[in-house]
Amino acid sequence: PIYKVEEYLQRCIDSVLSQDFKDWEMVLVDDGSPDKCPQIADKAAAKDVRIHVVHKENGGLISARRAGVLQAKGKYYMFLDSDDWLARDALEKVVSCFEANLMTDCVLFQLRYFSDNDGRHTEWDYPQPHFGVMSGKEAFRLSLNWSIHGVYVVKAELHRRYPYDDSSRWYSDDNTTRLHYFASREVRECQGVYYYRQHSSSVSHAVDVHRFDYLEANASMRKMLLAMHSPKDVLDEYEICRWKVVVGMYMFYYKYRHELASKDRKTGLEKIKQAWKSIDPHTVRKH
């Protein structure tokens, strides 16, 4: 997905072009980017037949990823944000993991954060314990508080069964990750490194009305778990997760309400109230 990343896009593309593993396809989705990104993408595609470009009107991250998936023909899907990049052996490591473990449906990268804010270059690893292999249900549970991260590769057939949730423009990709983990027979990690650029201006850090969309994404996730006839212990655990998000959103509202426009304050508070009413109080008290 590409939008206003002119400064970073070429490095992202080059990291795929330089992979030791060569049998890949890259779909670049220009999500109505107003800068030079469309030209950078088209130039890359003109030089390599493995690269394809989709130009579309701006619709946000999930819309762009969905457009990319429609073009993809591979056995495995991964999502590389256009300001991030891969270590040279990342794809080789992940494919080797899948091929050596036929019951594995999702493989996580080693996630390394990168920041060059204020001209200072900093790298640090995501604080995740090495686990080797775990069940899908266990991975789902650990993803509720992101004890394990959500930067992974998934078998195409599993993604087709559980495509992108579009209930929220900003946060429903969390739902898709958790569903993929939950539906997996096995989840593993590999040693391939994914470099994840950190921005202080990202949605997760911004004081913005879109932060309250997380409540709607949580409600959608609960509906999907019910539709999958998930066991009660899973539903209860997710209900506790939803309750914690509601509490966290109210704390965010209380702390930053004066930085939000009056209309946005009203919208945020209404979403908090609606989410609070939907929580099962018996489950919260029991736990």
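**Entry 1: A100**

I started with A100, which is exposed at a relative accessible area of 61% (exposed means over 50%, buried under 20%, partly exposed in between, with a 1.4 Å probe and protein chains only). A note for anyone new here: this is a predicted model, where local features need pLDDT of at least 70 and side-chain atom pairs count only at pLDDT 80 or more, while totals for chains, interfaces and linings use all residues. Residues are numbered from 1 along each chain as its sequence is written, and side-chain values use heavy atoms, with hydrogens and water left out.

I found A100 in helix α4; helices (H or I, at least four residues) and strands (E, at least two) are DSSP runs numbered from the N terminus.

**Entry 2: the nonpolar cores**

Next I looked up the nonpolar cores, meaning sets of buried Ala, Val, Leu, Ile, Met, Phe, Trp, Tyr and Cys residues joined through side-chain atoms within 4.5 Å. The largest has 33 residues, and I13, L86, V94 and F109 have the most contacts inside it. At least two residues each come from α1 (9-17), β1 (26-31), α2 (37-47), α4 (90-100), β5 (104-115) and β9 (186-197). With six residues, α4 gives the largest share of this core. Another core lies apart from it, with 19 residues, among them Y77, M134, V154 and Y162. As background, nonpolar side chains in soluble globular proteins tend to be buried together.

I then followed F109. Leaving out residues up to four places away in sequence, F109 touches a list including M78, L86, V94, H149 and Y194 (contact means heavy atoms within 4.5 Å).

**Entry 3: helix α3**

Which residues of α3 are buried? I noted I62, A64, R65, A67, G68 and V69. The buried residues of α3 pack against β1, β2 (51-56), β3, α6 (156-161) and α7 (173-183).

**Entry 4: the second largest pocket**

I turned to the second largest pocket, with a volume of about 770 Å³. Of its 33 lining residues, E25, M26, Y76, Y77 and M78 are the closest to its centre. A pocket here is an open set of points, on a 1 Å grid over the protein atoms alone, where a 1.4 Å probe fits, with protein on both sides within 12 Å along at least five of seven lines; lining residues have an atom within 4 Å of a point. The points are joined across faces, edges and corners, and the volume is the space filled by probe spheres set on them.

I saw that α1, β1, α3 (61-71), β3 (76-78) and α4 each supply at least two lining residues. By class, the lining has 23 nonpolar, three polar and seven charged residues (Ala, Val, Leu, Ile, Met, Phe, Trp, Tyr, Cys and Pro count as nonpolar, Asp, Glu, Lys and Arg as charged, the others, Gly among them, as polar).

**Entry 5: H229 and S230**

I ended in the loop between α8 (213-227) and α9 (232-256), the place of S230. H229 lies in that loop too. Is S230 buried or exposed? S230 is buried, at a relative accessible area of 9%, whereas H229 counts as exposed at 70%. Not counting residues up to four places away in sequence, S230 touches F182, L225 and L235. Phi of H229 is near 55°, a positive value in a residue other than glycine.
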